[in-house]
Amino acid sequence: MLFNIKQETLPREELEALQLRRLQNVCNRVYATVPFYRKRFDTLGITPADIRSLEDLRLLPFTEKQDLRDNYPYALFAVPRDNIVRLHASSGTTGKAVVVGYTARDLENWAELTARGMAAAGVTRHDVVHVAYGYGLFTGGLGAHGGAERLGATVVPASGGATKRQAYLMRDFGATVLCCTPSYALHLWEAGMAEGIDFLDLPLRVGCFGAEPWTESMRQDMEAKMGIDALNIYGLSEVMGPGVAMECVEEKKGLHLWEDHFLPEIVNPQNGEPLPEGEEGELVITTLTKEGIPLIRYRTHDLTSLDYTPCRCGRTHVRITRLAGRCDDMLIIRGVNVFPQQIEALLMACHELTPNYQIIVDREDNLDTLEVCVEMGEELLADEIRKLQALESGLRKSIKEFLGVTARVRLLQPHSIVRSEGKAQRIIDRRPKR
Ligand code: DLL
């Protein structure tokens, strides 16, 4: 079912004409209202009037996550703060998180685009949608919530955690749709089985899974175990949150990216040069309608390719292929984005520790685990057990507080981490690539 038939089936020429108008408009807006962009445009010697065709997009400067951090919290906003009705943010060690502001119209568009995505997955107003993405500064919970509500479905704002209870809620409320990360869905399924709740006996029929990478074989496994159509939903907080792109249930082959609101490109991650159609590279997105924090050529660091072949579902919007991973070192642990440098910064804040550390990511019972091992300095005597325990628990607390993930922390004897001859191997990711 299509949520917005007219927009979702626009012929390509009309879609491109609309994109160009909106691109010119967003360039004018950021040039007039965001000093950061005015400076970038001026340095490159361009003005919004130079954008005469969609090909001229490549004249424009890129925007990086670091630019959002450098302009923390509000300097990239294109409207007065009074017009911002909601903030979302990602975690950060020094308080320099990435902050995203939404105007009332941004929230309306977000709800519509997430509703489009859910409708593409086959969700209707008759469904009971159990949202187990986290509610809060993370965009998953409130984003999926807004979309399901816009569809007119019955929404259960379960958020994350209290897993056993969630399985009971799904049974008692007759959940027909589950929205959460794919790994949490598997964890929830296991917790349910342990309580005698088999998803195959529930009316559950659709899963909207995203916020972390997963594979085709995971889809098959989950569909068989849970008796559902498991569909892939993609998004990122900087650009909006969930709802940037979503698979349709007809094809389950690539995610339709809503081109009337986002202009996608694929570039070579090394040099930023645009790649020919169909080639895999880094996804770059320009927002066409966002008012609060419009972004020009935002480098997502996500690897995918664009597929313009017509889709059986009738939607004309381009499909991005299943996300193949990232071209930077960002880890996604239980749906939370973590950069190794953030952990390093917390370790280095303790002067008793050395810069020799290792981050080990694994999976137990379908949930990601994080272990941080760090060598103590010579002066820290291993027999001061109480002091060591306090240090470990202090680090655990600050990792939880600043990065939002639970970690095991292990203090090691000096020189116990194997030294490498080239680059230090700091990250060991043992999670199965299914
Ligand atoms: O994860 C937004 C979201 C919430 C998407 C719920 C889908 C569902 P961030 O926390 O900013 O926002 O993380 C964004 O997560 O750049 C990707 O690397 C990764 N990611 C998101 N969806 C997928 C997916 C949300 N379907 C980052 N497959 C992105 C693979 C994904 N990776």
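How far is an oxygen atom of the ligand from an N or O atom in the side chain of aspartate 302? The distance is 2.6 Å.

**View 1. Two domains of a predicted model.** Domain 1 covers 70–328, and domain 2 covers 336–429. These bounds come from an automatic or database domain assignment. The domain centres, taken over C-alpha atoms, lie 31 Å apart. Domain 1 gives 10 residues to the contact and domain 2 gives 11 residues (contact: heavy atoms within 4.5 Å).

**View 2. The interface of domain 1 and domain 2.** About 950 Å² is buried here, and carbon and sulfur atoms give 50% of that area. Buried area is the accessible area (1.4 Å probe) that two parts lose on being put together, summed over both. The count of salt bridges between the domains is zero (side-chain nitrogen of Lys or Arg within 4 Å of a carboxyl oxygen of Asp or Glu).

**View 3. Residues around the ligand.**

**View 4. Polar atoms at the ligand.** A backbone N or O atom of alanine 211 is 3.0 Å from a ligand nitrogen atom. Arginine 326 places a polar side-chain atom 3.1 Å from a ligand oxygen atom. Taken alone, the ligand exposes 610 Å², and the protein buries 97% of that (Shrake-Rupley method, 1.4 Å probe).

**Notes.** Residues are numbered from 1 along each chain as its sequence is written, and side-chain values use heavy atoms, without hydrogens and water. In this predicted model, local features need pLDDT of at least 70, side-chain atom pairs count only at pLDDT 80 or more, and totals for chains, interfaces and linings use all residues.

Conventions
A residue is near a molecule or strand if one of its heavy atoms lies within 4 Å of it. A polar contact is a pair of N or O atoms within 3.5 Å; within protein, one must be able to donate a hydrogen and the other to accept it, and residues adjacent in sequence count only if both atoms are side-chain atoms.
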